[in-house]
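Good morning, and thank you for coming.

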Amino acid sequence: MRFDSHYDAPVRVAALLVNALTPGHSRSRPHVPPEGAERAEVITAALRSAGECFERLDVVGEQDARDLQASAQALRLVFTAISTGDVATAAKHVNDLLTAARVRPELVLHDGDPAWHVHHRGTAGGVAAEWAGVCAAGLAVVLGTEARGRLGVCTAPRCDRVYVDTSYNGTRRFCSTACQNRVKAAAFRHRGRAG
């Protein structure tokens, strides 16, 4: 399943930012977010993944990188609340992000596309606010639908990376195939010992 094309990329970018910029565990190993130039490069790659109109985006500056890292912490709270079924808390966190970024809707016409559509941009200043607003608006749209269950936190032991389930049947519960395989292998070994 794909979300509306105008919200699919922002939701994916939100997950990429959370996974790259928040501490915790990834595939049973401690995850320490990058700093300095490496952090800026990771963020820039995540933003560029949003589509061809962002592929030539300049490398994010140090202040924007720090601000986006703070936004990633707030975005993580949304995924965490959804994974526990607490939609009200997730909505509160999204509303806080929308307010902080001063999100404003804007009608946009892309090159060669004859149809106008709504984009939401953070207007609080800088690349960080713009993207925090874009990600928050994408999450707001998803939270307002039954698709909110497609946002989650990996259920593998010692992993807290987030995911966006775009599978056909909506049964994804892991951040990656590696975590899924790790859990299946552990279950197989457990059954072998028990049998």
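I start with Ser 176, which sits in the loop between S6 and helix H6 (177-194). Helices here are DSSP runs of H or I of at least four residues, strands are runs of E of at least two, and both are numbered from the N terminus. This is a predicted model, in which local features need pLDDT of at least 70, side-chain atom pairs count only at pLDDT 80 or more, and totals for chains, interfaces and linings use all residues. Residues are numbered from 1 along each chain as its sequence is written, and side-chain values use heavy atoms, with hydrogens and water left out.

Is Ser 176 buried or exposed? Ser 176 counts as buried because its relative accessibility is 12%; the term buried means under 20% relative accessible area, exposed means over 50%, and partly exposed lies in between, with a 1.4 Å probe and protein chains only. A polar atom of the Ser 176 side chain lies 3.2 Å from the backbone nitrogen of Cys 179.

I turn now to the nonpolar cores. Such a core is a set of buried Ala, Val, Leu, Ile, Met, Phe, Trp, Tyr and Cys residues joined through side-chain atoms within 4.5 Å. The largest one has 38 residues, and Leu 17, Ile 43, Phe 79, Leu 139 and Leu 151 have the most contacts inside it. Two or more residues each are given to this core by helices H1 (5-21), H2 (36-48), H3 (62-83), H4 (87-101) and H5 (126-143), and by strands S5 (151-153) and S6 (162-164). H1 provides the largest share, nine residues. Apart from this core lies another, of six residues, including Cys 159, Phe 174, Cys 175 and Cys 179.

Two residues illustrate the contacts, a contact being heavy atoms within 4.5 Å. Leaving aside neighbours within four places in sequence, Ile 43 is in contact with Leu 17, Leu 21, Val 60, Ala 65 and Leu 68. Cys 135, in helix H5, counts as buried at 0% relative accessibility. With neighbours within four places again left aside, Cys 135 is in contact with Pro 10, Val 13, Ala 14, Leu 17 and Leu 75.

Next, how do H2 and H3 pack? Their axes are 9 Å apart and meet at an angle of about 70°, where axes are lines fitted to C-alpha atoms, for helices over the stretch in contact, and angles run from 0 to 180 degrees between N-to-C directions. H2 and H3 are therefore roughly perpendicular to each other, a label that covers 65 to 115 degrees. H2 contributes Gly 36, Arg 39, Ala 40, Ile 43 and Leu 47 to the contact, and H3 contributes Glu 62, Ala 65, Arg 66, Leu 68 and Gln 69.

Within helix H2, Arg 39 is buried, with a relative accessible area of 8%. The side chains of Arg 39 and Gln 69 are joined by a polar contact of 2.6 Å; this term denotes a pair of N or O atoms within 3.5 Å, where within protein one must be able to donate a hydrogen and the other to accept it, and residues adjacent in sequence count only if both atoms are side-chain atoms.

Finally, Pro 33 lies in the loop between strand S2 (29-31) and H2. Pro 33 counts as buried, at 14% relative accessibility. Not counting residues up to four places away in sequence, Pro 33 touches Ala 20, Leu 21, Thr 22, Pro 23 and Gln 69. The C-alpha atoms of Pro 33 and Gln 69 are separated by 9.0 Å, although these residues are 36 residues apart along the chain.

Notes. Parallel < 35°, antiparallel > 145°, perpendicular 65-115°, else oblique.
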